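I opened this notebook to record what I looked up, entry by entry. The structure goes in first, and the notes follow.

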Amino acid sequence: MDHALRPNAKDDAERRRIEAALSEAGFCLPGSVNDERSRCGKANCRCKADPAVLHGPYHHWTRKIDGKTVGRYLTDEQLERYAGWFTNAQRIRQLLTELETLSLRIAEQAEGWEPQAPPTGRRPRTDAKRSATSTKRQQAKR
Ligand SMILES: [Zn+2]
């Protein structure tokens with residue numbers, strides 16, 4: 001028996017548009033880069049003055065490995081070199097969210113399900129408080 005679903009022409013065209021964009025995505029790096037400014041340990045430094053002139057910005061690249069946040073600092077040159085790769089990864093996540101949203105709607109209509117909220121495509125945040133929470137969540141899953 002054939003249980004295959006045959007989406008209408010409009011939905012199928014939308015799927016092909018997303019797939020075409022995905023196929024052109026290129027190299028991509030996980031995680032995100034945040035510019036950070038900081039104070040050092042020297043007593044008479046400009047970062048302790050009033051008004052303070054903080055050090056940086058430092059380009060802090062963070063990502064999750066097995067639920068743990070790991071970081072790496074990038075030089076200006078490295079950030080410039082890889083900026084497009086981070087943008088590509090964001091684009092892929094956005095396209096995946098679009099494809100999931102489309103697929104969800106098609107399945108809900110075909111099955112007569114009550115619509116549920118579409119995926120947001122949001123990733124867990126990387127600041128310390130949130131990563132502690134998501135680490136707990138990860139452990140709870142095991
Ligand atoms: Zn300083």
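**Entry 1. Salt bridges.** I began with charged side chains in this predicted model. Asp-12, Arg-15, Arg-16 and Glu-19 are linked in a salt-bridge network. I searched the whole structure and found six salt bridges.

One of them joins the side chains of Asp-12 and Arg-16, at 3.6 Å from N to O. I noted their spacing: they are four residues apart in helix H1, so about one helical turn separates them. Asp-12 is partly exposed, because its relative accessibility is 23%. Arg-16 is also partly exposed, at 47%.

Next I looked at Glu-14, which forms a salt bridge with Arg-17; their closest N and O atoms are 3.0 Å apart. These two are three residues apart in helix H1, so again the separation is about one helical turn. I have Glu-14 down as partly exposed at 29% relative accessibility, and Arg-17 as partly exposed at 39%.

Entry 2. Which parts of the chain does the pair of Arg-105 and Asp-11 link? The side chains of Arg-105 and Asp-11 meet in a salt bridge, 3.0 Å from N to O. Arg-105 is in helix H2 and Asp-11 is in helix H1 (residues 9-23), so the pair links distant parts of the chain, 94 residues apart.

I then checked burial. Asp-11 has 5% relative accessibility; buried means under 20%, so Asp-11 counts as buried. Arg-105 counts as partly exposed, at 32%.

**Entry 3. The nonpolar core.** I looked up the largest nonpolar core and found five residues in it: Ile-18, Leu-95, Leu-99, Leu-102 and Ile-106. Helix H2 (residues 76-111) gives the largest share of this core, four residues.

What does Ile-18 touch, not counting residues up to four places away in sequence? I listed Leu-95, Glu-98, Leu-99 and Leu-102.

**Entry 4. Leu-5.** Leu-5 lies in the segment before H1. With neighbours within four places in sequence left aside, I found Leu-5 in contact with Ile-106 and Ala-110. Between Leu-5 and Ile-106 there are 9.0 Å in space, C-alpha to C-alpha, although the two are 101 residues apart in sequence. Leu-5 is partly exposed, as its relative accessible area is 47%.

**Entry 5. The zinc ion.** Which protein atoms are the donors of the zinc ion? I wrote down Cys-40 (SG), Cys-45 (SG), Cys-47 (SG) and His-55 (NE2), at 1.9 to 2.3 Å from the zinc ion. Along the chain, these donors follow the spacing C-x4-C-x1-C-x7-H.

I then looked up the geometry. The angles among the four donor atoms run from 103 to 114 degrees, and the site is tetrahedral. The rule asks that all angles lie between 85 and 135 degrees.

Cys-40 is partly exposed, with a relative accessible area of 26%.

**Entry 6. Backbone checks.** Most residues other than glycine have a negative phi, and most peptide bonds are trans. I looked for departures from this.

Asp-50 and Pro-51 are joined by a cis peptide bond, with omega about 5 degrees. Pro-51 is in the loop between strand S1 (32-38) and strand S2 (55-65). A cis peptide bond also joins Gly-56 and Pro-57, where omega is about 5 degrees. I placed Pro-57 in strand S2.

Asp-66 has a positive phi, near 50 degrees, and is not a glycine. Asp-66 sits in the loop between S2 and strand S3 (68-74). Asp-66 counts as exposed, because its relative accessibility is 70%.

**Entry 7. Confidence.** Last, I looked up pLDDT. The mean for the protein is 87, and 85% of its residues reach 70 or more. Over residues 126-142 pLDDT stays under 50, and the model has 13 contacts beyond four places in sequence for these residues.

How values were computed: Residues are numbered from 1 along each chain as its sequence is written. This is a predicted model: local features need pLDDT of at least 70, side-chain atom pairs count only at pLDDT 80 or more; totals for chains, interfaces and linings use all residues. Side-chain values use heavy atoms; hydrogens and water are left out. A nonpolar core is a set of buried Ala, Val, Leu, Ile, Met, Phe, Trp, Tyr and Cys residues joined through side-chain atoms within 4.5 Å. Buried means under 20% relative accessible area, exposed over 50%, partly exposed in between (1.4 Å probe, protein chains only). Contact means heavy atoms within 4.5 Å. A salt bridge is a side-chain nitrogen of Lys or Arg within 4 Å of a carboxyl oxygen of Asp or Glu. Donors are N, O and S atoms within 2.8 Å of the metal (3.2 Å for Na, K and Ca); water is not among the atoms, so sites may look incomplete. Four donors count as tetrahedral if all angles lie between 85 and 135 degrees; four count as square planar and six as octahedral if opposite donors are over 155 degrees apart and all others between 65 and 115; anything else is irregular. pLDDT is the predictor's confidence in each residue, from 0 to 100.
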